[in-house]
Amino acid sequence: MTAETVVTLQDVDKTYPLGQAKVRALDGVTLAIGRGKFTVLSGPSGSGKTTLLHLVGCIDRPDSGGVRIDGVDVNALDDNSMSDFRARHIGFIFQHFSLIPVLTAYENVEYPLILANAAPARRKEKVLRMLEAVGLAEQHGHRPNQLSGGQRQRVAIARALVKEPTMVLADEPTANLDSVTGKAIVELMRDMQRKTRVSFIFSSHDPMLIAQADDSFVIRDGRIRSAAPKAIN
C-alpha cells in the first residue's frame, strides 16, 4: 500500500452458504482504491459489490486473501479491535438512511461522537458545523419522520462525516430518492468529499453517481471486470 492508496485487496475470495450449496460472492478480487477520491463500485444485482463494500467496511471478513485499509492488515485484527478500527476510521451512508427514529437530526449526528467519548463542547461544535454544511441547521430538532427522504440522507451524510473518518462507504445512497433529490445528494457528497478530502467509496449502479467518479470499477460474477480511472476537475 502506498500513501496514495487507502484500500488494497489482494486475491480476495468470499463464499456464502445457500441451503446445501455455496455461492461465491467474490472470486480472486485484487483491487487498489485511491486515497481522497470519489470511487464507485458498479455492477448488476448479485455481482458482489455489496459484499466487497462489507469487507472494506470491516463488517465481514474474507475467506482468503488480504485486505489492508489505511495501511492496516484488518484480517489480523480480532473482533474487538476490528470494531474499534471501524468506529474510528469508517463512516457509513445507507440506502435506507438507518437513522435512529427517536432521535433528532442533531442527536443522530452526535451519536458517533458520544460513542467515541468526545467532550460535550467538542460534540456540539462539530455537530452544528456539520448540520450547517449539509444545509440542515434549521431542522436540527426534527426527528426522521419529520424530514423528507433527501433531508434524511443529508443527516446520514453529516453523521458519517462528523467523526472525520478516513473513508466513507455508501451502499446505493440514491436508490430510494427521486432523480432531482438524488442529483442534489450526489452533488452534496461530491462537494463534501472535495472539501474534506475523505475517501468516498460507493456501491451503485446510478449513472449520475458513476459519472461523478474519479475511479470506477465494474464487478460481475464476483470479479473485477474493468477499471476506468477518470480525472475530475
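**Salt bridges and a nonpolar surface patch**

In this predicted model, the side chains of Arg 190 and Asp 214 come together in a salt bridge, with an N to O distance of 2.7 Å. Arg 190 belongs to helix H6 (residues 179-196), whereas Asp 214 sits in the loop between helix H7 (207-211) and strand E9 (215-220), so the pair ties together parts that are 24 residues apart in sequence. Arg 190 counts as buried because its relative accessibility is 3%, and Asp 214, with a relative accessible area of 9%, is likewise buried.

Lys 14 is buried, at 8% relative accessibility, while Asp 63 is partly exposed, with a relative accessible area of 46%. A salt bridge is also formed by the side chains of Arg 24 and Asp 27, at 3.2 Å from N to O; here Arg 24 is partly exposed at 47%, and Asp 27 is buried at 19%, the limit for buried being under 20%.

On the surface, a nonpolar patch is formed by Tyr 111, Ile 114 and Leu 115, which together have about 290 Å² of accessible area. Tyr 111 is placed in helix H3 (residues 105-115) and, at 37% relative accessibility, counts as partly exposed.

Note on methods
Residues are numbered from 1 along each chain as its sequence is written. This is a predicted model: local features need pLDDT of at least 70, side-chain atom pairs count only at pLDDT 80 or more; totals for chains, interfaces and linings use all residues. Side-chain values use heavy atoms; hydrogens and water are left out. Patches are made of residues with over 30% relative accessible area and no salt bridge: like charges are joined within 9 Å, nonpolar side chains (Val, Leu, Ile, Met, Phe, Trp, Tyr) within 5 Å. Accessible areas come from the Shrake-Rupley method with a 1.4 Å probe; for residues, only the protein chains shown count as cover. A salt bridge is a side-chain nitrogen of Lys or Arg within 4 Å of a carboxyl oxygen of Asp or Glu. Helices (H or I, at least four residues) and strands (E, at least two) are DSSP runs, numbered from the N terminus. Buried means under 20% relative accessible area, exposed over 50%, partly exposed in between (1.4 Å probe, protein chains only).
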